[in-house]
Amino acid sequence: MSYIDPHIHMVSRTTDDYKRMALAGCTMISEPAFWAGFDRSGPEGFRDYFRQLTQFERNRARQYGIEHLCWLCINAKEAENVSLAREVIAMIPEFLDDPSVLGIGEIGLNKNTRNEATVFLDHLELAAKTRELILVHTPHLADKYQGTRMILDMLREDSRIVPERVCIDHVEEHTIRLALDAGHWVGMTLYPITKCTPARAADMVETFGAERVMVNSAGDWGHSDPLAVPEFIFEMRSRGHEEALIQKVVFDNPLAFFSQCARFQFTPRDEALSEA
Ligand SMILES: [Zn+2]
């Protein structure tokens, strides 16, 4: 089955991972901008990073038949430095003509601080002005419920933000309903230990349905699994779910969400091969 991993940080993965993902059926990924593991020393570090995402990483993925798309922002961890964040946000429009850019993300909160909220609102302003899709990171563990509530409130208070053009990522059992009821898409992140396992994600699809629901690996340099989406496919099959339902979650839904981006173009693989 062809699948899309809508959240994975390939800058921290090897080309061997690309090959294993391609062998497992991955045909498209989207890579949100995130923390580099260290704080950048200035805005130029972000310009280089955005070039890495839109050029180098896209070409690396293409060698394995994988379409690479990305999201741009300054992540919540570095948003404590508001003046740096504003310089980075001012730079983002330089990249918004690039066909590989899907929108603004992964913005959000980390420790739910005032500065993080300020920078989140600045990103919303940019997204509203430029009509970009939004991908939202929700905080981990103890901060998740409160942070998700804060994020949903900020999104609701801006009447220019269209709920179905926003994905709330890293949802878990206690936050998925909040995000779906607000009209947003949701991403369930499949991590080997923290966040959500493939079995818990399958439970949530059984409980909440598959409308506006996606799964991702959020693979990065930490303990994570770039083949987490195929693990979810395996779990769903082992429970006897129909292929059409599984395909909806791992392929049709991310494609429908991405298709709201005016720059996004998708050629089904069969057509691409017959044209070649
Ligand atoms: Zn991420």
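Analyst: Asn112 lies in the loop between strand 4 and helix 4 (114-130). Helices (H or I, at least four residues) and strands (E, at least two) are DSSP runs, numbered from the N terminus. The model is predicted: local features need pLDDT of at least 70, side-chain atom pairs count only at pLDDT 80 or more, and totals for chains, interfaces and linings use all residues. Residues are numbered from 1 along each chain as its sequence is written.

Asn112 counts as partly exposed because 18 C-beta neighbours lie inside 10 Å. The cut-offs use C-beta atoms placed from the backbone: buried means 20 or more others within 10 Å, exposed means 12 or fewer, and partly exposed is in between.

Step back into strand 4. Glu106 belongs to this strand. The peptide bond that leads from Gly105 to Glu106 is cis, with omega near -10 degrees.

Two strands pair if DSSP finds at least two bridges between them. Axes are lines fitted to C-alpha atoms, for helices over the stretch in contact, and angles run from 0 to 180 degrees between N-to-C directions.

Helix 2 also has a helical partner. Helix 3 (residues 82-91) packs against helix 2 at about 35 degrees, with the axes 9 Å apart. Pro43, Phe46 and Arg47 of helix 2 meet Leu84, Glu87, Val88 and Met91 of helix 3. Contact here requires C-beta atoms, placed from the backbone, within 7 Å.

Strand 7 (residues 185-189) and strand 8 run parallel and are joined by 4 bridges. Gly187 has Met214 as its bridge partner in strand 8. Is strand 8 covered on one face or on both? Both: Val213 and Val215 on one side, and Met214 and Asn216 on the other, are all buried.

Arg212, in the loop between helix 7 and strand 8, has a phi of about 60 degrees although it is not a glycine. It is partly exposed, because its C-beta neighbours inside 10 Å number 19.

Asn253, in helix 9, is in contact with Arg212, Val213, Met214 and Lys248, leaving out residues up to four places away in sequence. Asn253 is buried, because 23 other C-beta atoms lie within 10 Å.

Last, the core. The largest nonpolar core has 76 residues, and Leu72, Val186, Ala201, Val215, Phe232 and Val250 have the most contacts inside it. Helix 9 (residues 243-258) gives the most to this core, with 6 residues. Such a core is a set of buried Ala, Val, Leu, Ile, Met, Phe, Trp, Tyr and Cys residues joined through C-beta atoms within 7 Å. Beyond its neighbours within four places in sequence, Ala201 touches Met188, Leu190, Cys196, Val215 and Phe232.

Key
Contact = placed C-beta atoms within 7 Å.
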